[in-house]
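Please examine the sequence and the three-dimensional structure shown here before reading on.

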Amino acid sequence: MKVWIIVGVAVGLVCTLFLVTVTVSSVVNTQQQALSLFRMANCNAAIGPWADATGDAAAGEGQAKRLSTDQRGIATQIIQIGKQRQLPPLAWQVAIQAGMQESSLTNVTHGDVAGPDSRGIFQMRFTMGWGTEAQLLDPSYAINKFYDVLTKIPNWQQMRPGDAAQAVERSAFPGAYDKWEAMAADLIKTVGDIVDPSGCGQQAVSAILPANQAAAKAIAYAQQQLGKPYIWGGNGPVGYDCSGLVQQAYLAAGIQLPRVAADQYHAGSMLPVEQAQPGDLVFLATDKSNPATIHHVAMYLGDHKIIEAQDFGIPIHIRPFSFTEAEVVPQAVRPGV
């Protein structure tokens, strides 16, 4: 277990609630307006420059501009094959970071002292079952092989891109891939034609309606924060932690929630988590039968998705969500009801 999850339990602890009454007519009016108020991002925002330091985007742009024509051509091929395979931009990012670290995005025809049998963009080893030497020197084969391995890694879409690259490459220098995040994000934007490097530029209207008018407003606020950094104790506008995002989203809807996750669990009407509607709060706990162990809160969006400020180093994002995840508390909460 990560140390900051333990810290998160301490953060998830106390506050107050002012209940508001939501009338039946306001619910009906909200549902009539919901298709314009509620838009669900068709993305995974766990990409892009993850470091919080100012200027990362500019640095990434500078690195990308210094690539040679051949290097940029390989990055383009990584993105094109990713699109052909209908893989999300996060996969392109992981592959670009891996290729940049392993070969500087070049088709290396020789190995080195550490790996004399390593070849190609990702320095795959032909003696270790990655393919023949000729295959590994074929960029199309190497890129597809990388994607084959990446997509078989459990929960790779919830990993930091550099960690996902390491899970494929198993390098002796696991942290080396992270320094190419900003550059890869710039290539996704410019070469991959993704307007928002966080991956949330394209949106689709959801047919699932928010629970009420307050929920619609809270969802709209939370979506405006997509891509912002996780900051422990953060209340915005620069960044948030999990309960800070939820609190500020509902404050924008006129509902005052407690500051921390464990108290937000008691700040509304409870219902079985399987019956959660968009805008309802879902919780994770180390012991899901004991609300005192709640360490995380997220906002349910419907269609088995949540929006959350998940953890250090991970921007605010939308991700797939299952009611049967190991730590999911059996009750969801509907604030203001």
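Predicted model: local features only at pLDDT ≥ 70, side-chain atom pairs only at ≥ 80, totals over all residues.

Residues are numbered from 1 along each chain as its sequence is written, and side-chain values use heavy atoms, with hydrogens and water left out.

The term pLDDT denotes the predictor's confidence in each residue, on a scale from 0 to 100. Averaged over the chain, pLDDT is 79, and 76% of the residues reach 70 or more. Among the elements of the chain, the lowest mean pLDDT, 30, belongs to strand β1 (residues 39-41), and the highest, 96, to β6.

The secondary structure consists of 12 helices and 10 strands. Helices (H or I, at least four residues) and strands (E, at least two) are DSSP runs, numbered from the N terminus. Of the 337 residues, 49% count as buried; buried means under 20% relative accessible area, exposed means over 50%, and partly exposed lies in between (1.4 Å probe, protein chains only). Among contacts with a separation of 6 or more, 66% join residues 24 or more positions apart.

Arg 85 lies in the loop between α4 (69-84) and α5. Arg 85 counts as partly exposed because its relative accessibility is 29%. Leaving aside neighbours within four places in sequence, Arg 85 is in contact with Asn 144, Tyr 147, Asp 148 and Thr 151. The C-alpha atoms of Arg 85 and Asn 144 are separated by 8.9 Å, although the two residues are 59 residues apart along the chain.

Asp 117 is placed in the loop between α5 (89-103) and β2. With a relative accessibility of 6%, Asp 117 counts as buried. Apart from residues up to four places away in sequence, Asp 117 touches Met 124, Arg 125, Phe 126 and Thr 127. Arg 119 belongs to strand β2 (residues 118-119) and has a relative accessible area of 11%, so it is buried. Beyond its neighbours within four places in sequence, Arg 119 has contacts that include Val 108, His 110, Met 124, Phe 126 and Glu 133. Between Arg 119 and Thr 132, 13 residues apart along the chain, the C-alpha separation is 9.7 Å.

Strand β10 (residues 331-335) is largely enclosed by the rest of the structure, because 4 of its 5 residues are buried. Strand β5 (residues 268-272) pairs with β10 in the antiparallel sense over 5 bridges; two strands pair if DSSP finds at least two bridges between them. Within this pair, Met 270 has Val 333 of β10 as its bridge partner.

The structure also holds 2 cavities of 30 Å³ or more. On a 1 Å grid over the protein atoms alone, a cavity is a set of points where a 1.4 Å probe fits but cannot get out, and lining residues have an atom within 4 Å of a point. Grid points are joined across faces, edges and corners, and a volume is the space filled by probe spheres set on the points.

The largest cavity has a volume of about 40 Å³. Its lining includes Val 282, Phe 283, Leu 284, His 296, Arg 319 and Val 328. At least two lining residues come from each of β6 (281-285), β7 (294-302) and β8 (305-308), and β6 gives the largest share, 3 residues. By class, this lining has 7 nonpolar, 1 polar and 2 charged residues. Ala, Val, Leu, Ile, Met, Phe, Trp, Tyr, Cys and Pro count as nonpolar, Asp, Glu, Lys and Arg as charged, and the others, Gly among them, as polar.

The second largest cavity holds about 40 Å³ of space. Among its lining residues are Ala 222, Cys 242, Leu 245, Val 297 and Met 299. Two or more lining residues come from each of α11 (242-252), β7 and β8, and α11 supplies the largest share, 4 residues. This lining has 9 nonpolar, no polar and 1 charged residues.

How values were computed. 1 Å grid on protein atoms, 1.4 Å probe; cavity = no way out; pocket = protein on both sides within 12 Å on 5 of 7 lines; lining within 4 Å. Contact = heavy atoms within 4.5 Å.
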